Amino acid sequence: MTSASIALSLSEGASKIDRISEDAIRRLVDGFYAKIRADEELAPIFANAISDDQWEPHLAKMRDFWSSVMLTSGRYKGNPVAVHTAVAGLEPHLFNRWLEIFGETCGELFEPDIADVFRAKAVRIADSLKLALYYRPTRKTVIPGERTP
């Protein structure tokens, strides 16, 4: 299935998903990553990190990840920080584009309350990854109004 056909199938007027299930997660992951692979900003980053023959294992791992996050299945076994540390060209601003596409895909697939739950988890995950990957305090932070010694 091409990214265009996945996008079309997401928006063909089918009723929206009203509960979180393994099938719902599969549809989200597959539709989302089809969009990622076609995105002008993110496609090159992913193409450099994941070869064509490794996409299906990546999708399976992402299905496991989201199943663990949303259904507490415990299927995901991995270290997202270590994996993302090795991704060449990954910059903090790209997380916003990732979240935009993820949120859009959630809105296409799910009833609003379910979409919002996925979006909220994704924001927390992105924030955690950004902190782990990029936060490097180089000096003491002075809080306005506090006395300094």
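This is a predicted model: local features need pLDDT of at least 70, side-chain atom pairs count only at pLDDT 80 or more; totals for chains, interfaces and linings use all residues.

Student: Why is the pair Arg-26 and Asp-30 called a salt bridge?

Tutor: The cut-off is a Lys or Arg side-chain nitrogen within 4 Å of a carboxyl oxygen of Asp or Glu. The closest N and O atoms of Arg-26 and Asp-30 are 4.0 Å apart, so the pair counts as a salt bridge. Side chains of opposite charge can pair when their charged atoms come close.

Student: How many salt bridges does this rule give?

Tutor: The count comes to 13. One of them joins Arg-75 to Glu-22, with the closest N and O atoms 2.9 Å apart.

Student: What makes Arg-75 and Glu-22 a tie between separate parts of the chain?

Tutor: Look at where each one lies. Arg-75 is in the loop between α4 (55–71) and α5 (80–85), while Glu-22 is in helix α2 (residues 22–38), so the pair ties together parts that are 53 residues apart in sequence.

Student: Are Arg-75 and Glu-22 buried, exposed or partly exposed?

Tutor: Buried means under 20% relative accessible area, and exposed means over 50%. Arg-75 has 36% and Glu-22 has 35%. Both values fall in between, so both residues are partly exposed.

Student: Which salt bridge involves Arg-63?

Tutor: Arg-63 meets Glu-56 in a salt bridge, at 3.1 Å from N to O.

Student: Why is Arg-63 called buried?

Tutor: Its relative accessibility is 16%, and the limit is under 20%, so Arg-63 counts as buried. Glu-56 is at 46%, so Glu-56 counts as partly exposed.

Student: Which residues are linked in a network of salt bridges?

Tutor: Asp-23, Arg-26, Asp-30, Glu-56 and Arg-63 are linked this way.

Student: What makes a set of residues a nonpolar core?

Tutor: The members are buried residues such as Leu, Phe or Trp, joined through side-chain atoms within 4.5 Å. Here the largest nonpolar core has 37 residues. Among those with the most contacts inside it are Tyr-33, Trp-66 and Trp-98. Helices α2, α3 (43–49), α4, α6 (94–109) and α7 (112–134) each supply at least two of its residues. α6 gives the most, with 8 residues.

Student: What is Trp-66 in contact with, leaving aside its neighbours within four places in sequence?

Tutor: Its contacts include Ile-25, Val-29, Trp-98, Phe-102 and Phe-118.

Student: And how many helices and strands are there in the chain?

Tutor: There are 7 helices and 0 strands.

Student: How much of the chain counts as buried?

Tutor: Of its 149 residues, 35% count as buried. The chain exposes about 9,300 Å², and carbon and sulfur atoms supply 55% of that.

Note on methods
Residues are numbered from 1 along each chain as its sequence is written. Side-chain values use heavy atoms; hydrogens and water are left out. Helices (H or I, at least four residues) and strands (E, at least two) are DSSP runs, numbered from the N terminus. Buried means under 20% relative accessible area, exposed over 50%, partly exposed in between (1.4 Å probe, protein chains only). Contact means heavy atoms within 4.5 Å. Accessible areas come from the Shrake-Rupley method with a 1.4 Å probe; for residues, only the protein chains shown count as cover.
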